[in-house]
Structures are given as structure tokens and as C-alpha cells.
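Please keep the sequence and the model in view while reading.

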Amino acid sequence: MESSETPVCKTVLASTVAKPFVEEIGNGLKALGRKPKMVGFLANSDPAAQMYADWTKKTCVSIGFDYELRTVDKDDLEEEIMEANDDDEVDGIMVYFPVFGTRQDQYLQQVVAPEKDVEGLNHLYVANLYHNKRFLDKAETQKSILPCTPLAVVKILEHLGVYNTILPYGNRLYGKTITIINRSEIVGRPLAALLANDGAVVFSVDVTGVQQFTRGDGIRLRKHQCTDTDIDWREAAAQSDVIITGVPSAAYKFPVENIKYGAVCINFSSEKNFNPEVKERASLYVPSIGKVTIAMLLRNLLRLIENRELKNKTNSSN
């Protein structure tokens with residue numbers, strides 16, 4: 001039964017969630033003793049991509065990283081990435097998508113060397129995510145990299161208390177229902193898999209329909225399962241504890257009447273997918289996540305450096 005009372009909605013800013021991670025990254029940088037270099041490639045005229053690049057540079061510089069934005073023609077991007085792959089002075093690489101807006105973008109994601117892929121979009125990392133494999137080596141010393149935007153959403157959900165810390169890892173979203181309005185290969189689909197692997201029932205919505213992600217019964221790591229469902233997206237949203245939107249259109253607004261009273265609402269699109277009326281039903285509202293995403297980028301960069309050092313140490317001892 002729906003409540004007739006308007007809940008007190010708290011707006012949570014990405015900067016608040018990002019703060020402890022920025023501090024953690026700063027401490028990691030001090031321990032490293034040098035300024036890692038990250039290179040960003042911009043090969044489009046998307047204002048949102050340019051804004052993201054500006055935020056990335058500002059955060060990098062403020063913490064103590066070396067950041068270089070390289071604006072290139074999209075037809076030259078593959079070669080430019082490969083040159084950065086071979087440059088020992090470059091520690092991390094990111095590409096501001098979309099570039100071509102086609103499957104060619106998926107190919108470009110694979111051009112970035114796994115050892116420098118701060119966005120976690122290389123097939124090695126994506127496959128590990130989908131198979132719930134958390135390490136790169138048998139000794140489980142080198143942690144796999146998670147895609148930075150889905151990881152940012154997870155960290156926000158942890159900050160908001162959606163994850164139940166009383167339960168063991170891998171089960172902390174048990175009993176939660178989540179709707180994601182986006183099933184892109186970069187964010188929406190991997191995010192659905194991540195949340196399902198942690199125990200949630202996830203309804204993944206895009207223009208082709210609704211898919212349901214649930215945790216399966218794998219032999220060891222309980223990989224998620226994905227099935228098509230006839231459930232209407234409105235029905236899915238109305239029963240969801242969390243609604244996450246990522247529609248890259250200024251015209252799109254999630255209908256407030258399909259939000260369950262007390263739900264958590266998060267928007268990761270560069271556009272505002274929720275009208276102000278979202279606060280009439282939501283209990284917690286996160287209007288953007290960009291600063292958390294950038295923090296995850298830098299966190300991933302330090303992890304890549306750590307993994308390289310561990311790998312080199314292992315190879316030298318063999």
C-alpha cells in the first residue's frame with residue numbers, strides 16, 4: 001500500500017561520496033613516491049565528454065597525478081592508442097566515448113592494453129566481471145579491474161547503506177530489487193551483472209525490452225544469470241528499492257509515478273533523467289556520479305601499477 005505522506009528526501013552529492021576515496025588515492029600516491037601519468041583521448045565533439053575530461057584533469061592535478069588530454073581525429077585514434085600502449089612513461093589510458101557510436105567503439109576498447117586500461121573495459125576485465133572472477137592470478141594477489149562507472153555506482157550504493165554490511169561479501173544485496181534504465185555494454189549491462197552477483201534481482205531496461213539479472217548457482221563463484229522477461233518496465237520500477245538511470249537524452253525524464261515510495265534514485269547520465277519531483281517519492285537521490293567515477297579511474301590506475309609491480313616481482317623470482 002502506497003503512503004500518502006511525502007518522505008523526507010535527502011540529496012547526496014557525488015563529491016561527498018568521492019571524498020574518502022580521494023583521500024585513499026592521495027595516500028596511495030604518497031606511498032608510490034612518484035606522479036603516475038594518465039593520458040585521455042578525446043576524439044569527438046560531445047560537450048559531456050569534454051566536461052568529463054575537464055573534471056578528470058582537475059581531479060588528477062589536485063591529487064598529484066600527471067594528466068594529459070590528447071585531442072585526436074577519430075580516424076587516427078587507434079594508432080594513437082597503440083603508441084601510448086608502447087610508451088613506458090604512460091601509466092594509464094582512457095578514451096572518451098562515444099567515438100564512432102558503432103561497434104567500432106567496442107573494438108577501440110580492446111586496443112587499450114589491459115595493463116593500462118583504467119576504465120576496465122578490456123575483454124579480460126569484462127569477462128572476469130561477468131564470471132564473478134575477482135583476481136587475475138591463481139595466487140589471488142592481483143585484483144581484477146572493474147569498469148569505473150559501474151564501480152562508482154556500487155560505491156555509491158555502499159555509501160547510502162543499500163548494501164547490508166551484516167551479510168557476507170557477495171550477498172549484501174540479498175532481498176533488494178533494482179531497476180536500471182540503460183543496457184549499454186559500457187555501463188548498464190556490466191552494472192546489472194555486478195549487482196546481481198552481489199545478490200540483487202535486477203531489471204535491465206532498454207528500448208528492446210526488459211531483461212532480468214539474478215545470481216545463479218555456479219560451481220564456485222555463483223555467476224549471475226540473465227533472462228528475457230515479459231514484465232513491464234513500469235511494473236519492475238514500481239517494486240524496486242533502487243532505480244538507476246543512464247539515458248543520454250535531455251528529453252528523457254523518468255516518470256515519478258513509477259517510483260516506489262522510499263526508493264533510492266541514482267542518475268549516471270550526463271543529462272538530468274529525473275525531474276525535481278523525484279524528491280516527492282525517493283528517500284535518497286543522487287543526481288550525478290561523475291566525481292565518484294573519476295575517483296574510481298584513479299583508484300584503478302594505482303591498482304594497475306600495483307598489479308604490474310607484483311607481476312614483475314613474480315616473474316623475476318621464477
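The structure is a predicted model, in which local features need pLDDT of at least 70 and side-chain atom pairs count only at pLDDT 80 or more, while totals for chains, interfaces and linings use all residues. Residues are numbered from 1 along each chain as its sequence is written, and side-chain values use heavy atoms, with hydrogens and water left out.

**Sheet**

Eight strands make up an open sheet of mixed pairing, ordered β1-β11-β10-β9-β5-β6-β7-β8. At its edges stand β1 (10-11) and β8 (224-229), each with a single partner strand, so one side of each lacks a neighbour in the sheet. Strands are DSSP runs of E with at least two residues, helices are runs of H or I with at least four, and both are numbered from the N terminus; two strands pair if DSSP finds at least two bridges between them.

Strand β5 (residues 177-181) has parallel partners in β6 and β9, as tabulated here.

| Partner of β5 | Residues | Bridges | A bridge pair |
|---|---|---|---|
| β6 | 201-206 | five | T179 with F203 |
| β9 | 242-245 | four | I178 with V242 |

**Helices**

In α7 (188-197), nine of the ten residues are buried, so the helix is largely enclosed by the rest of the structure. Among them are G188, P190, L191 and N197. Just after α7, G199 adopts a positive phi of about 110°.

Helix α4 (residues 103-111) has D105, L108, Q109 and V111 as its buried residues. These lie on the same side of α4, because they cover an arc of only 155° around the axis, taken from the directions from the helix axis to the C-beta atoms.

**Second largest pocket**

The second largest pocket holds about 660 Å³ of space. A pocket is an open set of points on a 1 Å grid over the protein atoms alone, where a 1.4 Å probe fits, with protein on both sides within 12 Å along at least five of seven lines; lining residues have an atom within 4 Å of a point. A volume is the space filled by probe spheres set on the points. Of the 24 lining residues, R134, L146, L151, K155 and E158 are the closest to the pocket centre. Helix α6 gives the most to the lining, with four residues.

Terms used. Buried means under 20% relative accessible area, exposed over 50%, partly exposed in between (1.4 Å probe, protein chains only).
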